[in-house]
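Keep the sequence at hand as you read.

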Amino acid sequence: MAIRNIVKEEDELLRKISKPVFDFDERLGILLDDMHDTLKKAEGAGLAAVQVGILKRLFIMDVGHGIRECINPKLLRAEGINKIKVEGCLSVPGKCGLVERPEKVWVEYQDRTGAKVNKKFSGFEAKCFCHEYDHLDGILYVDKATKMFKDRDEYYRNTKNNKSNEGEN
């Protein structure tokens with residue numbers, strides 16, 4: 001297992017559409033294991049393969065329920081508006097912004113063996129799924145942000161003085 005370099009915002013690779021995964025083999029397992037290590041070291045909540053330079057439709061996320069591996073994910077349905085609006089990204093270090101995401105999502109994906117999984121996510125887990133899912137289509141959260149902050153301190157200063165239910169993650 002290895003720590004991989006995380007691709008940064010200015011790299012045009014992040015704007016490309018990822019390709020489906022067809023081979024559920026040892027190479028896929030190595031990539032997923034490396035992504036686990038990379039996510040843990042970066043202390044993030046999610047990581048898409050494109051963020052480590054691989055244009056495959058897969059991501060992992062860990063929002064407190066253990067790591068979920070989502071391969072060839074599909075967003076089937078979305079509902080509501082998530083109260084957590086502030087968002088950041090390992091590919092856009094330091095900055096954060098306000099993004100509206102669904103409160104609940106119904107999704108389908110495959111695990112590392114190719115087995116189909118159907119899930120309903122809500123709250124932060126739904127937000128994280130949508131953020132990572134966007135990466136697979138070359139979309140960054142900065143494209144959807146209604147307001148950007150240079151760092152978390154600026155965000156906290158702005159929301160402390162303006163209790164506007166922006167929420168935080």
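Start with a pair. E87 and R101 join their side chains in a salt bridge, with N and O 2.7 Å apart. E87 sits in strand β4, residues 86–89, while R101 sits in the loop between β5 (92–98) and β6, so the bridge ties together parts 14 residues apart in sequence. The model is a predicted one.

How exposed or buried are these two side chains? E87 has a relative accessibility of 2% and counts as buried. R101 is at 4% and counts as buried too. The cut-off for buried is under 20% relative accessible area.

E87 has another partner. It forms a salt bridge with K127, and the closest N and O atoms are 2.8 Å apart. K127 belongs to helix α2, residues 124–135, and E87 to strand β4, so this pair links parts that lie 40 residues apart in sequence. K127 counts as buried, at 1% relative accessibility.

These bridges belong to a wider set. A network of salt bridges links E87, R101, K127, D134 and K144. Side chains of opposite charge can pair when their charged atoms come close.

Now look at the count for the whole model. The structure holds 15 salt bridges. One of them joins R112 and D33, with the closest N and O atoms 2.9 Å apart. R112 lies in the loop between β6 (104–110) and β7 (116–122), and D33 lies in helix α1 (residues 26–42), so the pair ties together parts 79 residues apart in sequence.

What is the exposure of R112 and D33? R112 is partly exposed, with a relative accessible area of 28%. D33 is partly exposed as well, at 23%.

Where does R57 sit? Its place is the loop between β1 (46–48) and β2 (58–61). R57 is buried because its relative accessible area is 13%, and the limit for buried is under 20%.

Which residues does R57 touch? Leaving aside neighbours within four places in sequence, its contacts include I17, S18, K19, P20 and V21. Also among them are C70, I71, N72 and P73. Y133, L136 and D137 are in contact with R57 as well.

One of these partners deserves a second look. The side chain of R57 reaches the backbone oxygen of S18 at 3.5 Å.

End with a longer view. R57 and R157 are 100 residues apart along the chain. Their C-alpha atoms are separated by 37 Å.

Methods:
Residues numbered from 1 in each chain as written. Predicted model: local features only at pLDDT ≥ 70, side-chain atom pairs only at ≥ 80, totals over all residues. Heavy atoms only, no water. Salt bridge = Lys/Arg side-chain N within 4 Å of Asp/Glu carboxyl O. Helix = DSSP H or I, 4+ residues; strand = E, 2+ residues; numbered from the N terminus. Buried < 20%, exposed > 50% of the residue type's maximum accessible area, 1.4 Å probe, protein only. Contact = heavy atoms within 4.5 Å. Polar contact = N/O pair within 3.5 Å; in protein donor to acceptor, adjacent residues only side chain to side chain.
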